[in-house]
Amino acid sequence: MLAVLEYHLVNYRRTWRGSALSSLVLPLLTMLGFGVGVGSYVAGGVDGVSYLDWIVPGLIASTAMQTAIGESTWPVLSAFEWLKTYFAQAAAPLRVADILGGHLAFMLFRVLISAVAFLAIALAFGTLHSWWSPVALIVAMLVGLSVAAPTAAYAATISSDSYLAILLRFAVLPMSLFSGVFFPVESLPVVLRWIAYALPLWHGVDLSRDATLGLDPGWLGLVHAAYLIAWCAAGCWLAHRRYRRRLVI
Amino acid sequence: MASLIRARGLIKRFGDFTAVDGIDVDVRRGEAFGFLGPNGAGKSSTMRMIGCVSPPSGGVLEILGLDPVRDGPAIRAKLGVCPQLDNLDIELTVRENLTTYARFFGIARKVARRRADELLEFVQLTERADSKVEPLSGGMKRRLTIARALVNEPEIVLLDEPTTGLDPQARHLVWERLFRLKQQGVTLVLTTHYMDEAEQLCDRLVVMDGGRIAAEGSPRELIERYSTREVVELRFNAESQEPYASKLEGVGERLEVLPDRVLLYVADGDEAVAEVHRRSLSPASVLVRRSSLEDVFLRLTGRTLVE
Ligand SMILES: Nc1ncnc2c1ncn2[C@@H]1O[C@H](COP(=O)(O)OP(=O)(O)OP(=O)(O)O)[C@@H](O)[C@H]1O
Ligand SMILES: [Mg+2]
């Protein structure tokens, strides 16, 4: 599994500069756009904190989700359909679990980098309010795996990238909008609120917010963590099944 | 001596379709063993079962004395695989393709780098070591795939149609490298639908058709058993070659009518040609040649190998 991770890192070495830069640019722009721009319209902030401080932890979780989606869609489809690199790996003495696990580990590495970049910039802008803030990195990784694993399973099932567009439109976009990143889920109609509860991102957003604002998550924190872990476990199990079906025929 | 690969009644099904239909195979250490057959014969399906990426649907398969379903990773550690379609990583450099792949076998980085350099030398790609794979020619990619298959110093190398799609010069270069490997004592298992490839490289081969084995032996044995020493190819300027069959009755031991020519299987080609002329037949062209595996295949299946 480590050798597979190493392979993905060697591959990443070619493009790391550009991707590292973009993981800095994105938080910088949001800091300016949402904090200074939108924030000035949201007078009085949300739940007693400034809008920027409130939105940053949500954006960290949401960035983790976006990065994980980016790494588990086209790259996975390509490794099955276009570059066929998974099939080359399957001919080596690796198990399906190594091939999948190594790739997921790389996706989590990417998630971690983008979350660290975001957290560092948030720190520079003074929007972190607790020594618990680094916990947001762990939350980001949980969010990352909870979406990357089921998405990889999905990408292993389809044969054309038009199905990825469906996933982005009908799952990823609503999840980014309705998971309490930009406004509290309580302001949503009940149906949409339950969709937010069902999908993994909201749980990460809430945990992340507690971490950077130094709030006590209480028993709900445990529920969030358990729910994310359940998504991770189910996603990994499903992905392993789908990968097996494709690689061992 | 025990076989490195032993198959008995080996079957591969895809749903209702049987791609490999009960084949018996023994591959011995150090030999070059071939599967010769047309498209869809089941060659790749067999290779993938031997490569332990495709579980058999029935029968017995033993590789290096191990069970491919239970001991897949242990067997694959000792195999080198060159699949029918190159699956090199086109985004990595030539050298990185070898070093990252070596890591999948648990080979130390330093050893991997050294071995990559040696292998690039062996397949004559040293100059391209640091270039991307994408712009390489088909022949170069094939050689790199072969180099990658050797990175773990395998006991058996599986080559699925190693030269299909290559121009003659590139093919000869690949053949020459494979021949060197064979001399080094590496066991080669290859598939092909080129009879010249089979004749050049294989010590022993099976002729495969429709998932079954039609015959087995060395190229020479097969030709002796299933064909005559020489073949006369006659082309008549006519809509159909069929009417000439009766007129050529008895000239050779056997006769095959193809859409564009008639083949006469004879011991002595010149003598047969003389007889054709004695019968006042005037073919547009006459060619006398030695029998090949193509003729063996035609005899066994009633079809030509390459459509
Ligand atoms: N994964 C699969 N699912 C269904 N059918 C398959 C699968 N793989 C192969 N087949 C079928 O099995 C038969 C044998 O295929 P195989 O690839 O083994 O033939 P081959 O001898 O390698 O042919 P070629 O010279 O074209 O490579 C073909 O009819 C093919 O369509
Ligand atoms: Mg094939």
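Start with chain B: of its contacts (heavy atoms within 4.5 Å) with a separation of 6 or more, 68% are between residues 24 or more positions apart. The model is predicted, so local features need pLDDT of at least 70 and side-chain atom pairs count only at pLDDT 80 or more, while totals for chains, interfaces and linings use all residues. Residues are numbered from 1 along each chain as its sequence is written, chains are lettered from A and ligands numbered from 1 in the order in which they are written, and side-chain values use heavy atoms, with hydrogens and water left out.

**Chain B as a whole**

The trace spans about 75 × 45 × 35 Å along its principal axes. Switch to a cartoon to find 11 helices and 13 strands; these are DSSP runs numbered from the N terminus, with helices being H or I of at least four residues and strands E of at least two. Of the 307 residues in chain B, 53% are buried. Buried means under 20% relative accessible area, exposed over 50% and partly exposed in between, with a 1.4 Å probe and protein chains only.

Next, colour B 3-223 as domain 1 and B 228-291 as domain 2. These bounds come from an automatic or database domain assignment. The centres of the two domains of chain B, taken over C-alpha atoms, are separated by 39 Å. An unreviewed UniProt entry lists residues 5-235 of chain B as "domain: ABC transporter". UniProt positions are given in the numbering used here, feature names are shortened, and annotations may be inferred rather than shown by experiment. Select that span: 35% of it is helix and 28% strand, and its end C-alpha atoms lie 44 Å apart.

**Strand β7 of chain B**

Select B 187-192, which is strand β7. Six of its six residues are buried, so the strand is largely enclosed by the rest of the structure. Show the side chains: B:T187, B:V189 and B:T191 point one way, and B:L188, B:L190 and B:T192 point the other way.

Two strands pair if DSSP finds at least two bridges between them. Within this pair, B:G34 has B:L190 as its bridge partner. Include helix α6 (B 168-183) to complete a right-handed β-α-β unit made of β6(B), α6 and β7(B). Right-handed means that, with the strands pointing away from the viewer, the path from the first strand over the helix to the second runs clockwise.

**The magnesium ion**

Go to ligand 2, a magnesium ion, and show B:S44 and B:Q84. Their atoms OG and OE1 are the protein donors, 1.9 to 2.1 Å from the ion. Donors are N, O and S atoms within 2.8 Å of the metal (3.2 Å for Na, K and Ca); water is not among the atoms, so sites may look incomplete. B:S44 belongs to helix α1 (43-50) and B:Q84 to the loop between β5 (79-82) and α3 (94-104), so the pair ties together parts of chain B that are 40 residues apart in sequence. B:Q84 is partly exposed, at 34% relative accessible area.

**Two positive phi angles**

Most residues other than glycine have a negative phi. Select B:C52, a non-glycine residue with a positive phi of about 60°. B:C52 sits in the loop between α1 and β4 (58-63) and is buried, at 9% relative accessible area. Then select B:Q124, where phi is also positive, near 60°. B:Q124 is in the loop between α4 (109-122) and α5 (138-149) of chain B and is partly exposed, at 40% relative accessibility.

**Chain A**

Move to A:T85, in helix α5 (85-91) of chain A. A:T85 is buried, at 9% relative accessibility. Not counting residues up to four places away in sequence, A:T85 touches A:Y7, A:A79 and, in chain B, B:D89.

From there, go to A:S62, 23 residues away in sequence and 29 Å away in space, C-alpha to C-alpha. A:S62 lies in helix α3 (51-72) of chain A and is buried, at 8% relative accessibility. Which residues does A:S62 contact, leaving aside neighbours within four places in sequence? They are A:V181 and A:L201.

Finish with the spans that the unreviewed UniProt entry annotates as "transmembrane region" in chain A, among them 131-156 and 219-239. Residues 131-156 are 81% helix and 0% strand, with end C-alpha atoms 40 Å apart. Residues 219-239 are 100% helix and 0% strand, with end C-alpha atoms 30 Å apart.
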